[in-house]
Amino acid sequence: MPPLTCELPHHRRLRHCIIGLPEDAQMAIDRLHLLRYAERFEWTRALDLPPYGIILDGRPGEVLRYLHREIRSNPSANE
């Protein structure tokens, strides 16, 4: 009899960043919520970007919202 094995699902990390004016960032989050992709509470609160921006090319008055999501992947499936 072959041994019983339990294969755990593999996880990959997907990170979403929304950079823009606060009202535009919230509108994008609201749309993703309506599409049932992400709950509003899963996002970070709005983070002010430094006046000289960040590597992500921040502009004055813009904010950063962030969502971290684990994705289950099947290692035998074709990508």
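**Contacts, core and surface of a predicted model**

Me: Which residues does Ile 29 touch, leaving out those up to four places away in sequence?
Reply: Ile 29 touches Ile 18, Arg 40, Trp 43 and Arg 65 once residues up to four places away in sequence are set aside, where a contact means heavy atoms within 4.5 Å. This is a predicted model, in which local features need pLDDT of at least 70, side-chain atom pairs count only at pLDDT 80 or more, and totals for chains, interfaces and linings use all residues. Residues are numbered from 1 along each chain as its sequence is written, and side-chain values use heavy atoms, with hydrogens and water left out.

Me: And which residues make up the largest nonpolar core?
Reply: Seven residues do, namely Ile 18, Ala 25, Ile 29, Ala 38, Trp 43, Val 63 and Leu 67; such a core is a set of buried Ala, Val, Leu, Ile, Met, Phe, Trp, Tyr and Cys residues joined through side-chain atoms within 4.5 Å, and buried means under 20% relative accessible area, exposed over 50%, and partly exposed in between (1.4 Å probe, protein chains only). The elements giving two or more residues to this core are α1 and β3 (63–73), with helices (H or I, at least four residues) and strands (E, at least two) taken as DSSP runs numbered from the N terminus.

Me: Switching to charges, what does Asp 30 pair with?
Reply: Asp 30 forms a salt bridge with Arg 40, their closest N and O atoms being 2.8 Å apart; the term requires a side-chain nitrogen of Lys or Arg within 4 Å of a carboxyl oxygen of Asp or Glu. Asp 30 lies in helix α1 and Arg 40 in the loop between α1 and β2, so the pair ties together parts that are ten residues apart in sequence.

Me: How many salt bridges does that rule give?
Reply: The count comes to one salt bridge. Asp 30 is partly exposed, at a relative accessible area of 24%, and Arg 40 is also partly exposed, at 37%.

Me: Is Leu 35 buried or exposed?
Reply: Leu 35 counts as exposed because its relative accessibility is 67%, and its place is in the loop between α1 (22–34) and β2 (47–48).
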